[in-house]
Protein chains: 2
Amino acid sequence: MVRDHVDHIETTLQDAILDGRYADGERLDETRLAEQFGVSRTPVREALRRLAATGLARQHANRGTFVRQPGPLDLYEMFQVMARLEAFCAELACARVAPSAIAALRALNDACAAAATQGDVDRYYGANEAFHQRIYAESGNDFLAETCQTLQRRLRPYRRTQLRTPGRLAQSLAEHAQVIDAIEARQPRKASALLRDHVSVQGERFHRLMSHWRAREGQGASG
Amino acid sequence: MVRDHVDHIETTLQDAILDGRYADGERLDETRLAEQFGVSRTPVREALRRLAATGLARQHANRGTFVRQPGPLDLYEMFQVMARLEAFCAELACARVAPSAIAALRALNDACAAAATQGDVDRYYGANEAFHQRIYAESGNDFLAETCQTLQRRLRPYRRTQLRTPGRLAQSLAEHAQVIDAIEARQPRKASALLRDHVSVQGERFHRLMSHWRAREGQGASG
DNA sequence: GCAAGCGATATTGTATACAATAATCTGGGC
DNA sequence: GCCCAGATTATTGTATACAATATCGCTTGC
């Protein structure tokens with residue numbers, strides 16, 4: 001892969017947008033960004049093109065680039081898709097999972113539990129993502145795994161919100177354990193249903209939360 | 001959206017790559033492309049960045065941009081995912097489909113049949129894509145619909161291959177009709193299973209075809 | 001005769017200068 | 001006092017010049 005200014009700028013901006021440090025509709029000024037990064041406009045422009053290509057920004061001819069943050073409805077839709085994709089991963093994993101992979105999954109869930117006990121939110125999320133990513137990998141379908149990872153990354157900042165719900169964390173760990181058991185027992189139907197609901201519930205809780213917050217739906221409709 | 005040189009170049013190259021006019025690993029020379037399009041290297045570079053961002057090309061630092069065509073294994077994986085995504089569309093459609101949409105789907109399948117009878121391959125594929133896209137839209141999930149459309153576009157050139165199989169075309173039309181019936185009857189399980197198999201079978205046929213052709217697997221592994 | 005190091009060359013990466021387009025502000029007319 | 005039109009200004013879009021890096025061929029030493 002490329003490892004130059006463009007790549008650095010793209011990654012930095014991507015993280016900033018995905019971590020919510022840019023509001024929806026915020027303008028990405030080429031000149032200003034160029035100054036910030038200490039480079040000319042050229043690499044900045046190329047980075048912005050890439051962001052636009054991946055859907056994180058939108059470009060209007062002769063008018064500039066603007067951050068595109070998903071609205072509540074978009075997020076709900078994305079969680080729905082994520083749930084199905086992960087469920088498919090679990091289903092496929094049943095057909096080819098090795099004992100070592102099961103052990104690895106249990107270890108990752110234990111790491112989640114340990115981080116949760118210590119109240120280390122960041123480490124919890126790291127371990128949680130690793131757990132899910134391991135399931136993607138165990139699907140054996142590289143394209144599916146990559147798709148899942150991209151979507152997971154996009155949903156990352158919004159997952160954190162729903163951690164506040166008391167009791168949800170322990171339940172999440174239990175659900176993980178159930179998923180592992182189902183995969184180990186090679187029950188594709190059960191494993192996929194469990195994981196689907198596990199992810200779905202996050203999206204639904206989040207959606208409910210946002211809807212209660214504000215009823216400003218449709219402001220960032222996809223398309 | 002942007003409507004400038006960059007956009008034009010990107011679209012043109014994208015179509016060329018997706019239509020198979022570029023071989024895997026072929027180099028996309030900036031200077032040469034700039035001459036071809038009658039512009040400077042700048043817009044070409046930005047277009048190439050976007051292609052790289054969408055996965056159609058790969059960039060190596062200080063070495064250039066190279067076309068990334070999926071290998072047989074990649075395509076098999078993509079068809080698998082496509083099948084599940086479309087199945088999910090059908091499932092969701094059951095919950096909200098209107099009589100007018102059912103009529104529209106039937107009309108589109110009739111258009112497929114008409115084109116098939118006349119032996120108009122291009123028109124058949126156009127109508128076929130429209131049929132599938134209508135189902136995406138009827139899912140009511142814009143993100144899902146957009147994802148499906150992107151993937152459909154990427155798989156387009158490879159779908160054509162399997163049309164040659166005698167009898168497959170008529171069977172395909174019949175399967176479409178079954179899917180419509182299931183959606184109309186609001187049977188989500190049935191509708192999704194039917195559509196999943198309809199798409200899966202294409203991927204599997206294609207995979208078998210390619211495997212028989214050459215056993216050069218893994219040459220273009222994703223990652 | 002072969003390998004390793006060095007230099008020439010070609011290509012990418014970046015900076016800057018200029019052109020074109022759109023938004024804004026100001027002035028005049030109604 | 002409000003609205004429309006033209007000029008101004010700011011910002012994007014493109015071209016070109018230059019710098020840096022990788023590849024390839026050559027020479028030189030073993």
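Which domains does the domain assignment give for chain A? Select residues 5-67 for domain 1 and residues 72-213 for domain 2; such bounds come from an automatic or database domain assignment. Taken over C-alpha atoms, the centres of domain 1 and domain 2 of chain A are 30 Å apart.

Before going on, some conventions. This is a predicted model, in which local features need pLDDT of at least 70 and side-chain atom pairs count only at pLDDT 80 or more, while totals for chains, interfaces and linings use all residues. Residues are numbered from 1 along each chain as its sequence is written, chains are lettered from A and ligands numbered from 1 in the order in which they are written, and side-chain values use heavy atoms, with hydrogens and water left out.

**Confidence in chain A**

The mean for chain A is 89, and 91% of its residues reach 70 or more. Helix α4 (residues 72-94) of chain A has the highest confidence, at 96, and helix α9 (residues 188-213) of chain A the lowest, at a mean of 85. Helices (H or I, at least four residues) and strands (E, at least two) are DSSP runs, numbered from the N terminus. Next select residues 215-223 of chain A, where the pLDDT is below 50; beyond near neighbours in sequence, this stretch has 20 contacts in the model (heavy atoms within 4.5 Å). Where pLDDT is low, the predicted coordinates should not be read in detail.

**DNA strand C**

Select DNA strand C and the residues near it (one heavy atom within 4 Å). There are 17 of these, and the closest are His5(A), Ser40(A), Thr42(A), Arg63(A) and Arg41(B). Of the atoms of DNA strand C that come within 4 Å of the protein, 75% are sugar and phosphate.

- A backbone N or O atom of His5(A) is 3.1 Å from a phosphate oxygen of DNA strand C.
- A polar side-chain atom of Arg63(A) is 3.0 Å from a phosphate oxygen of DNA strand C.
- A side-chain N or O atom of Arg41(B) is 3.0 Å from a base nitrogen of DNA strand C.

At least two residues of this surface come from each of α1 (5-18) and α3 (41-53) of chain A and α3 (41-53) of chain B.

**DNA strand D**

Move to DNA strand D, which has 18 residues around it; Arg27(A), Arg41(A), His5(B), Ser40(B) and Thr42(B) come nearest. A polar side-chain atom of Arg27(A) lies 3.0 Å from a sugar or linking oxygen of DNA strand D. A polar backbone atom of His5(B) is 3.1 Å from a phosphate oxygen of DNA strand D.

Now centre on Asn62(B), in the loop between β2 (57-60) and β3 (64-67) of chain B. Its phi is near 60°, a positive value in a residue other than glycine. Most residues other than glycine have a negative phi. Asn62(B) counts as exposed because its relative accessible area is 85% (buried is under 20%, exposed over 50%, partly exposed in between; 1.4 Å probe, protein chains only). A polar side-chain atom of Asn62(B) lies 3.5 Å from a sugar or linking oxygen of DNA strand D.

**Last stop**

Return to chain A and select Arg186(A), in the loop between α8 (168-184) and α9. Phi of Arg186(A) is near 55°, also a positive value.

Terms used: Polar contact = N/O pair within 3.5 Å; in protein donor to acceptor, adjacent residues only side chain to side chain. pLDDT = per-residue confidence, 0-100.
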